[in-house]
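Subject: Structure handover and notes

Hello,

Please find the structure below, followed by my notes on what was found in it.

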Amino acid sequence: PDNRKDALAVIRRSGEYLADLIEGLLDISKIEAGRLDLHRDAVRIDLLMEQLVHMFRLQAEEKRLAFDYHRIGKLPEVVTTDEKRLRQILINLLSNAIKYTDTGRVSLTLKYRSQIAEFTVEDTGEGIAEENLERIFRPFERIRTPGQSQTGTGLGLTISKSLVELLGGKMWMKSKEGEGSVFYFTLPYEKKSGKQREKD
């Protein structure tokens, strides 16, 4: 019934929040204990990116946001990496970008050169004040701005940065309050096999 829909929506959001919190705590504990298993998978990187772009373009369209994807440089058909963890990092960054952007656009760029992949996630959202930038990757830090209603566990960026470093890369960001944020991360990608694809 209509009079129960709001209550059910609250229950669902609360359940999702608790599930995210539990999963995040498990990941953090495994990382800190040095017990997180990493895999070396043969990954069709172009196919993985296409799947993520399709998923997040739909989410962006629901908020009437533009979503752009750019691929720069020759991309190997197959690379060696942990597909699950790469997917997790990109989902965290893209989900945040769309969540905290009300107007404008979100973009994802993959640049590949000399066996190093650089991923960039950029948005035109609310941005982060300079004094808060160094806090953003700390566990349970949720930077609040006036009027902001979005919630989260405060673990997604901490886990993403830790995963990038475990995979041999690095993550950093730039942001300006009221203008948006840009997250960057690099990963070393050994070319596995197959032909290389030219820039889109």
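Is Q115 buried, exposed or partly exposed? With a relative accessibility of 44%, Q115 counts as partly exposed, because that class covers the values between under 20%, which is buried, and over 50%, which is exposed. Please keep in mind throughout that this is a predicted model.

Q115 sits in the loop between strand 4 and strand 5. Its phi is positive, near 65 degrees, and the residue is not a glycine. S114 lies in the loop between strand 4 and strand 5 as well. S114 also has a positive phi, of about 50 degrees, although it is not a glycine. At 64% relative accessibility, S114 counts as exposed.

The chain overall

The protein chain has four helices and eight strands. Along the sequence they follow the pattern α-β-α-β-β-α-β-β-α-β-β-β. Of the 200 residues in the chain, 41% are buried. Among contacts with a separation of 6 or more, 73% are between residues 24 or more positions apart.

Five strands form an open sheet in the order 2-4-5-7-6, with mixed pairing. Its edges are strand 2 (66-72) and strand 6 (170-176), each of which pairs on one side only. From one strand to the next, the twist averages 10 degrees.

Going through some of the pairs:

- Strand 2 and strand 4 (residues 105-113) run parallel and are joined by seven bridges. A66 has R105 of strand 4 as its bridge partner.
- Strand 5 and strand 7 run antiparallel, again with seven bridges. Here E118 stands opposite T186 of strand 7.
- Strand 6 and strand 7 are paired in the antiparallel sense over seven bridges. K174 has V182 in strand 7 as its bridge partner.

Strand 6 and strand 7 make a hairpin with three residues between the strands, where G178 has a positive phi near 85 degrees. Strand 7 (residues 180-188) has eight of its nine residues buried, so it is largely enclosed by the rest of the structure.

Helix 2

Helix 2 covers residues 45-62, which makes 18 residues. From first C-alpha to last it reaches 26 Å, close to the 26 Å expected at 1.5 Å a residue. Which of its residues are buried? They are I45, D46, L48, M49, L52, V53, F56 and A60. Viewed down the helix axis, the buried residues fall within an arc of 145 degrees, so they line one face of helix 2. On the face turned away from that buried side are the exposed residues H54, E61 and E62.

Where does helix 2 lie relative to the sheet strands? Helix 2 lies across strand 2, strand 4 and strand 5 (116-123), and it runs at about 165 degrees to strand 2. After the helix comes R64, whose phi is positive, near 60 degrees.

The nonpolar core

The largest nonpolar core has 43 residues. Those that touch the most other members are I45, L86, L108, F119, F185 and Y189. I45 is also one of the buried residues of helix 2.

Leaving aside neighbours within four places in sequence, L108 is in contact with M49, V53, F67, D68, Y69, H70, L90, L94, T120 and V121. Two of the names in that list, M49 and V53, are among the buried residues of helix 2.

Helix 4

Helix 4 spans residues 156-166 and includes L157. The buried residues there are L157, T158, I159, S160, S162, L163 and V164. For L157 the relative accessibility is 10%, which is why it counts as buried.

What does L157 touch? Not counting residues up to four places away in sequence, its contacts are L93, N96, I136, F137 and F183. L157 and L93 are 64 residues apart in sequence, yet their C-alpha atoms are 7.5 Å apart in space. Just after helix 4, G168 takes a positive phi of about 95 degrees.

Regards

Terms used
Residues numbered from 1 in each chain as written. Predicted model: local features only at pLDDT ≥ 70, side-chain atom pairs only at ≥ 80, totals over all residues. Heavy atoms only, no water. Expected span 1.5 Å × (residues − 1). Buried < 20%, exposed > 50% of the residue type's maximum accessible area, 1.4 Å probe, protein only. Arc of directions from axis to C-beta. Core = buried A, V, L, I, M, F, W, Y, C linked by side-chain atoms within 4.5 Å. Contact = heavy atoms within 4.5 Å. Pairing = 2+ DSSP bridges. Axes fitted to C-alpha atoms, helices over the stretch in contact; angles between N-to-C directions.
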